[in-house]
Structures are given as C-alpha cells and as structure tokens.
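Subject: Structure for you to look at, with notes

Dear colleague,

Please find the structure below, together with the notes I promised. I would be glad if you could read them with the model open beside you.

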Amino acid sequence: TGIKKRVEQPEVVVYTALDREFSEPILKIFEAKYGIKVKAKYDTESTKTIGLVNAIRNEKDRPRCDVFWNNEILNTIRLKNEGLLEPYQSPSAVSFPATFKDPEGYWTGFAARARIFLVNTDMLKPEEYPVSIEDMTNPRFKGKVGIAKPLFGTTASHAAALFASVGAEKAAKFFAELNQNEVQIESGNKTVALAVSSGRLAFGLTDTDDAIGEVEAGKPVTIVYPDSKPEQMGTLFIPNTLSLVKGSPSPEAAKVLIDYLLSPKVEGALAEASSAQIPVNPQVDVKVRVKTPKEIKAMPLDYSAAAASFEEAATFIRDSYLR
C-alpha cells in the first residue's frame with residue numbers, strides 16, 4: 001500500500017519530588033541520550049512529596065506514573081507496604097550499600113541530603129551556635145528559629161524519625177516545647193533558608209540542598225550539623241529514592257530511566273550541581289561540598305520503623321502541634 005506505520009516515540013512518566021530546578025536538567029539529558037520522551041510531574045513546595053504520593057494512590061486502579069523519584073524515603077516505603085510498587089533491582093545499584101537498597105528491590109536510595117541548621121552569622125557568634133535540635137527549645141532563641149511545616153517533605157520524615165528513634169512520648173514533648181518557644185513554621189525548607197539568610201530568623205532547620213545555595217551566594221550564613229558529636233544522636237541523612245510503580249504503563253522505559261538515574265554520572269552531577277547532593281554509590285568520586293556520614297556521626301535509623309511511625313507522627317502534629 002505504500003503506507004508506513006508511524007512508530008511512536010517511547011515515553012516514560014516520572015513523578016518527581018526533588019525540586020524541579022535540580023531534577024529537570026537531569027531528565028532533559030536522559031531524553032537526549034536515549035530518545036525516550038520524559039513526561040514529568042513535579043511537586044509543589046506547599047505539598048512536598050505528599051501530593052505525588054497521594055496521586056499514585058488515587059491512580060492505583062489505572063496507573064499513570066512509571067517511575068517515582070521521591071526526595072525522601074519514608075513515603076516510598078509506605079507505598080511499598082500498600083502494594084503500589086513493583087520490585088526492580090537495577091544493575092546500576094550493585095555497588096550501593098545495603099542500607100540504601102530495599103532487600104526485595106522495591107526502592108533504591110541515592111543522592112542524600114542532611115538535615116542541618118542554617119545559622120545567621122550576623123545574629124549569632126560561633127559560641128552561640130546551636131549544636132543540637134534540643135537547642136530549638138532554648139528560651140534565648142524564642143521566636144528566632146524556623147522549621148518547614150512538618151507534614152510534608154523531609155521535615156515530615158524528620159518528625160517520623162524522631163517518633164521512631166526516641167519514642168512517641170519524648171517526641172511529642174519536644175514538639176510541645178517547640179510551640180512554647182514560638183518556633184516559626186515556614187512553607188518549606190527553602191523558605192526557612194531564605195528567612196535565615198535575610199536575618200528574619202537566627203537559625204532554622206532545613207536541608208543541605210536548600211542551605212548550600214545561601215552559603216555559596218555569600219550570604220552571612222553557615223551550616224551546622226546538629227547532634228553530630230559521638231555522644232549525640234547523630235545528624236539525620238535522608239536519601240532520594242527511585243521506585244517502579246506497580247502497573248507502570250511503560251515498564252521497560254521506566255527501567256532504563258531508573259538505571260540512568262542511579263548511574264555514577266548522575267549522582268556525581270547532583271553532587272556537583274547547586275543542590276550538592278551526597279552520593280551513596282562508593283564508586284562516585286567527586287568533591288562533595290557538604291559533610292557526609294564518613295566525616296560526622298549519622299543518626300542510626302531503621303527506615304522501615306520510621307515509615308511505620310509516619311502516620312502517628314503526622315496525626316500528632318496535625319491535631320496537637322499545628323492546632
């Protein structure tokens with residue numbers, strides 16, 4: 001007949017909670033390299049992660065997403081526990097530490113960030129810097145400290161980590177003391193960093209990727225790694241995670257994308273980019289601009305236990321802390 005069948009370009013749908021400014025350039029390079037069209041759905045600052053997690057839940061009977069690129073780990077584990085992910089053990093992750101791989105292959109952690117304090121050096125002298133999250137409850141900092149709303153993103157994960165590691169009673173007491181000390185609640189981690197660099201806050205709890213931009217812009221700020229001394233609980237490190245969604249419309253293209261995102265080249269690029277992510281793969285050899293668990297004490301955390309505490313922490317924060 002002389003009529004040629006049109007061959008459609010393969011495509012993959014990724015929901016990504018890593019800030020668009022960091023994730024989009026990586027996805028564009030993948031498109032050009034592999035000829036696979038990437039349709040990306042990004043989160044919003046106000047609903048960090050949770051909006052995308054709920055979209056995957058709502059679409060479970062007719063999945064639209066192939067790959068979930070989460071900017072944290074606990075909600076990924078919750079999706080696994082709800083039967084909404086498909087196992088896939090990427091060959092790119094063979095050298096990753098076991099801590100950052102689900103033993104059944106439902107998720108892989110990469111490109112971590114640390115939960116840190118960004119401190120305004122015009123407002124506080126070095127001897128006054130906070131050294132523990134407990135310092136957020138110190139009356140001398142009343143009304144001068146900020147956190148992101150702890151129902152979303154890494155701040156929600158941090159809350160769940162505290163509930164799992166120190167117990168619900170002690171964690172609830174800590175949040176009650178934050179309230180008494182008039183700790184300011186900001187819309188997101190980036191907003192916390194900006195509030196500190198502008199002098200609206202003396203210090204704030206945020207992520208290294210949001211803090212490093214203010215440091216490298218020459219603002220009067222410095223990063224402090226809380227609880228990182230040997231006798232303290234440790235600084236919390238939270239990896240990004242990648243997972244294949246159950247019922248993925250394009251599973252083969254999805255696996256190609258996952259393999260690419262877990263490659264040393266991508267982790268290296270994320271470490272060197274403005275986000276300064278911390279590589280998980282020991283094969284990645286790039287200069288890291290923030291401290292890593294090799295240098296400071298990391299908070300020992302059972303991610304599955306923290307995921308199990310997520311709803312308890314969120315319920316307490318919603319009903320008691322944010323009343």
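The notes below go through helix packing, the nonpolar cores and a few individual residues.

This is a predicted model, in which local features need pLDDT of at least 70 and side-chain atom pairs count only at pLDDT 80 or more, while totals for chains, interfaces and linings use all residues. Residues are numbered from 1 along each chain as its sequence is written, and side-chain values use heavy atoms, with hydrogens and water left out.

Helix packing

Helices (H or I, at least four residues) and strands (E, at least two) are DSSP runs numbered from the N terminus. Axes are lines fitted to C-alpha atoms, for helices over the stretch in contact, and angles run from 0 to 180 degrees between N-to-C directions. Angles under 35 degrees count as roughly parallel, over 145 as roughly antiparallel, 65 to 115 as roughly perpendicular and the rest as oblique.

The axes of H4 (residues 153-166) and H5 (residues 168-180) come within 6 Å of each other and cross at roughly 135 degrees, which means that H4 is oblique to H5. On the H4 side the contact (heavy atoms within 4.5 Å) is made by Ala-159, Leu-162, Phe-163 and Val-166, and on the H5 side by Ala-168, Lys-170, Ala-171, Ala-172, Phe-174 and Phe-175. By class, these residues are 9 nonpolar, no polar and 1 charged, where Ala, Val, Leu, Ile, Met, Phe, Trp, Tyr, Cys and Pro count as nonpolar, Asp, Glu, Lys and Arg as charged, and the others, Gly among them, as polar.

H4 also packs with H10, at an angle of about 105 degrees and with the axes 7 Å apart, so the two helices are roughly perpendicular. Residues of H4 including Ala-156, Ala-160 and Phe-163 meet residues of H10 including Ala-305, Phe-310 and Ile-317, and the contact of H4 with H10 has 12 nonpolar, 2 polar and 1 charged residues.

H2 (residues 50-58) and H3 (residues 74-81) pack at about 10 degrees with their axes 11 Å apart, and that makes H2 roughly parallel to H3. Here Ile-50, Val-53, Ile-56 and Arg-57 of H2 meet Asn-75, Arg-78 and Leu-79 of H3, a contact that divides into 4 nonpolar, 1 polar and 2 charged residues. Ile-50, Leu-52, Val-53, Ala-55 and Ile-56 of H2 are buried, the term meaning under 20% relative accessible area, with exposed over 50% and partly exposed in between (1.4 Å probe, protein chains only). The buried residues of H2 pack against strands S1, S2, S3 and S10 and helices H3 and H10.

Nonpolar cores

A nonpolar core is a set of buried Ala, Val, Leu, Ile, Met, Phe, Trp, Tyr and Cys residues joined through side-chain atoms within 4.5 Å. The largest has 75 residues, and those with the most contacts inside it are Val-12, Trp-69, Met-136, Phe-175, Phe-203 and Leu-261. The largest share of this core, 9 residues, comes from H10 (residues 303-321). A second, separate core of 18 residues includes Ala-195, Val-196, Leu-201 and Ile-278.

Individual residues

Thr-206 lies in strand S8 (residues 203-207) and is buried, with a relative accessible area of 0%. Its side chain reaches the backbone oxygen of Asn-189 at 3.0 Å.

Glu-186, in strand S7 (residues 184-186), is buried as well, at 9% relative accessible area. A polar contact of 3.0 Å joins its side chain to that of Arg-200; such a contact is a pair of N or O atoms within 3.5 Å, where within protein one must be able to donate a hydrogen and the other to accept it, and residues adjacent in sequence count only if both atoms are side-chain atoms.

Met-233, in the loop between S9 and S10, is partly exposed at 29% relative accessibility. Its C-alpha atom is separated by 9.2 Å from that of Ser-165, 68 residues apart along the chain.

Asp-227 is in the loop between S9 and S10 and is buried, with a relative accessible area of 5%. Phi of Asp-227 is positive, near 60 degrees. Glu-182, in the loop between H5 and S7, has a positive phi of about 55 degrees and is partly exposed at 43%. Most residues other than glycine have a negative phi.

With best wishes
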